[in-house]
Amino acid sequence: MRTIDDRIVHELNTTVPTASFAGKIDASQTCKQLYESLMAAHSSRDRVIKNCIAQTSAVVTNLREEREKNLDDLTLLKQLRKEQTKLKWMQSELNVEEVVNDRSWKVFNERCRIHFKPPKNE
């Protein structure tokens, strides 16, 4: 799901012209399309990660309730720990996502600021 972020520098280098080649390609349209692709990708990934966090949180809550009823069940304890670890991993993925997004927007703005101005509400 991070393909567009992984390849943004290459994408910009091949589609957005430098000043010397500015007349040959419509950079504003290219930047607009890339902007829309980045927005869609970032929104989609954020939604998927948050959905996974919500589902795993619900599982952890249920396992905690079961664990309180049956303190001697080691299998239940192992399953709870496993789900808690998964939840922490997913929450840390939001931080990774923020770093990836910031990097992509920085590169995008450096190359496209002359050709395209994103809408104010975004």
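Glu-97 and Arg-45 pair up through their side chains in a salt bridge, with N and O 2.5 Å apart; the term covers a side-chain nitrogen of Lys or Arg within 4 Å of a carboxyl oxygen of Asp or Glu. Glu-97 sits in helix α4 and Arg-45 in helix α3, so this pair links distant parts of the chain, 52 residues apart. Helices here are DSSP runs of H or I with at least four residues, strands are runs of E with at least two, and numbering starts from the N terminus. Both Glu-97 and Arg-45 are buried, where buried means under 20% relative accessible area, exposed means over 50%, and partly exposed is in between (1.4 Å probe, protein chains only). All of this comes from a predicted model, in which local features need pLDDT of at least 70 and side-chain atom pairs count only at pLDDT 80 or more, while totals for chains, interfaces and linings use all residues. Residues are numbered from 1 along each chain as its sequence is written, and side-chain values use heavy atoms, with hydrogens and water left out.

Asp-5 belongs to helix α1 and Arg-45 to helix α3 (residues 27–69), so the contact ties together parts that are 40 residues apart in sequence. Asp-5 counts as buried because its relative accessibility is 1%, and Arg-45 counts as buried because its value is 3%.

A further pair brings in the start of the chain. Glu-93 and Arg-2 form a salt bridge whose closest N and O atoms are 2.6 Å apart. Glu-93 lies in helix α4 (residues 74–112), whereas Arg-2 is in the segment before α1 (3–6), so parts that are 91 residues apart in sequence are tied together. Glu-93 has 18% relative accessibility and therefore counts as buried; Arg-2, with a relative accessible area of 21%, is partly exposed. Put together, Arg-2, Asp-5, Arg-45, Glu-93 and Glu-97 are linked in a network of salt bridges. The count for the model comes to 6 salt bridges.

Now for the fold as a whole. The protein has 4 helices and 0 strands, and its elements run α-α-α-α from the N terminus on. The radius of gyration is 21 Å, well over the 14 Å that the globule rule gives for 122 residues, so the protein is more spread out than a compact globule. That radius is taken over C-alpha atoms, and the globule rule is 2.2 Å times the number of residues to the power 0.38. Along its principal axes, the C-alpha trace spans about 75 × 25 × 15 Å.

Buried residues account for 30% of the 122 residues. Of the contacts (heavy atoms within 4.5 Å) between residues at least 6 apart in sequence, 78% join residues at least 24 apart. The protein exposes about 8,600 Å², with carbon and sulfur atoms supplying 53% of that area; accessible areas come from the Shrake-Rupley method with a 1.4 Å probe, and for residues only the protein chains shown count as cover.

On the charge side, there are 21 positive and 18 negative side chains, and the centres of the two sets lie 4 Å apart. Lys and Arg count as positive and Asp and Glu as negative, leaving out His and the chain ends. Each charge is placed at NZ of Lys, CZ of Arg, CG of Asp or CD of Glu.

Trp-89 is found in helix α4 and counts as exposed at 52% relative accessibility. Trp-89 and Ile-53 are 36 residues apart in sequence and 9.4 Å apart in space, C-alpha to C-alpha. Val-96 also lies in helix α4, and its 36% relative accessibility makes it partly exposed.
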